[in-house]
Amino acid sequence: MQRFDYFTSKGNHSPMSMSPYFAQAEALDAANPLAPARQLFDLPSDQRYFLGNSLGPLTHSAREAVNQAVNAEWKTGLVRTWHDGDWFDIATETGNRIAHIIGAPSGSVIAGDSTSVALFKVLSAAAQKNATPTRNVLLCDINNFPTDRYVARSVADLFHLQYKECAVSEMITHFNENVAVATASMIDFRSAEIHDVASVTAAAHAAGALVVWDLAHAAGVIPCDVERHSIDFAVGCGYKYMNGGPGAPAFMYVAPHLVNEVQQPIPGWFGHDAPFAFEDAYRPAQGTARFSSGTTNILSMKALHGALEVFEKFPISSIRDGSIALGDFFIAGFDEHLSASGFTLGSPRNSTARGGHIALLHDRAEELTEELIGDGFIVDFRPPNVIRIALSPLFLRFNDIAALVGRLSDAT
Ligand SMILES: Cc1ncc(COP(=O)(O)O)c(C=O)c1O
């Protein structure tokens, strides 16, 4: 069988090539206001990359930041760079860049740790602040990413709380005078469903509970409106849509009115008010800096800090518009070319309810994922039947979506 040339989209062998779908892609790419952002990335020419929700690709600015840190700061400045350079403040400065992206005030976000550790810290802080002998329930999103559920259960055990799980859509009905803290993801890691953060947070507050939101699949692709939604605590990943690199630092947000009233469970010297005074007793720093524990991971923090420069050039509202446009274009292709071939949509059709990726369901999802990857379409599989396709608008073109739809339509 002759195959369509997915990489140039200039072949004319497949029925897809006759579809106006590719012509539309070309027109949409020509008019795309985010098109120049692609030049800020160093992308492999033989791959179309649909996993910006797993590991964002390399940016030129991240590479330059790491090169500078290695070849100038570490090599020449050595230990003096802690004070003469930006190493000591970089976790806060990176936090400020993230705050700008997630709609949080400057100074309310600190970068560091992994998301799992960050969640442990903020969830513990929330539990310690709000739990009483009768307010003794920790509520967790039952569809949350596994690490969140493991961490939440552990925090419940450590603080002698009852651990309960329910769907985020049902959380509102579970809030009462017994709930101390709840935790959920803003965007479901499988389906990309956006949860109603504002309503859940408001219902929690009305019942006297605190909420910790995991923004891992939201930060960098939708405006999270952390301040507008009166979020108490949030965490998220640096290596997904923020493109911070493998194992990039996570981030922690704590509402300014709460932060100086809470304690985190790993009171290290980097969260001390005067780390270089080497005092006997722990005195937490003012603000979210108290959520740091040990020495900042400078090389990975530099990569994240550098990668975030991209977001200074392209506002998050335009990134969200671009992500919706790519998602809607994929769904149009799905309706036209895939819906009759055993594929179903596992994500909301309505763009206001859908985050940055699309879950495409198929009985042979695992096998198809391997075939797609073999052909340079980098997607991933989530059991039992999900092909996950992230639509990162900063570097993907409509042409990439059209080529993926073409490849999928040939697959069955
Ligand atoms: C929603 C969510 N939370 C947490 C994590 C885990 O983060 P980390 O590996 O940084 O602990 C992931 C990883 O993909 C995730 O999707």
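**Entry 1: the ligand shell**

I sorted the residues around the ligand by class and got four nonpolar, six polar and three charged ones. A reminder to myself: this is a predicted model. The shell holds 13 residues, and Thr-115, Ser-116, Asp-214, His-217 and Lys-240 are the closest.

Ser-116 places a side-chain N or O atom 2.5 Å from an oxygen atom of the ligand. For Asp-214, I found 2.7 Å between a side-chain N or O atom and a nitrogen atom of the ligand. Lys-240 has a polar side-chain atom 2.7 Å from a ligand oxygen. Then I checked the cover: the ligand taken alone exposes 400 Å², and the protein buries 85% of that. I also asked myself which elements give two or more residues to the shell. My note reads α5 (115-130) and α6 (146-158).

**Entry 2: two domains**

How many residues of domain 1 are in contact with domain 2? I noted 30, facing 22 residues of domain 2. Between them the two domains bury about 2,000 Å², with 57% of it on carbon and sulfur atoms. On the domain 1 side, I listed Thr-59, Ile-316 and His-357 as the residues that lose the most area to domain 2. Together these three make up 24% of what that side buries.

Technical notes. Residues are numbered from 1 along each chain as its sequence is written. This is a predicted model: local features need pLDDT of at least 70, side-chain atom pairs count only at pLDDT 80 or more; totals for chains, interfaces and linings use all residues. Side-chain values use heavy atoms; hydrogens and water are left out. A residue is near a molecule or strand if one of its heavy atoms lies within 4 Å of it. A polar contact is a pair of N or O atoms within 3.5 Å; within protein, one must be able to donate a hydrogen and the other to accept it, and residues adjacent in sequence count only if both atoms are side-chain atoms. Accessible areas come from the Shrake-Rupley method with a 1.4 Å probe; for residues, only the protein chains shown count as cover. Helices (H or I, at least four residues) and strands (E, at least two) are DSSP runs, numbered from the N terminus. Ala, Val, Leu, Ile, Met, Phe, Trp, Tyr, Cys and Pro count as nonpolar, Asp, Glu, Lys and Arg as charged, and the others, Gly among them, as polar. Contact means heavy atoms within 4.5 Å. Buried area is the accessible area (1.4 Å probe) that two parts lose on being put together, summed over both.
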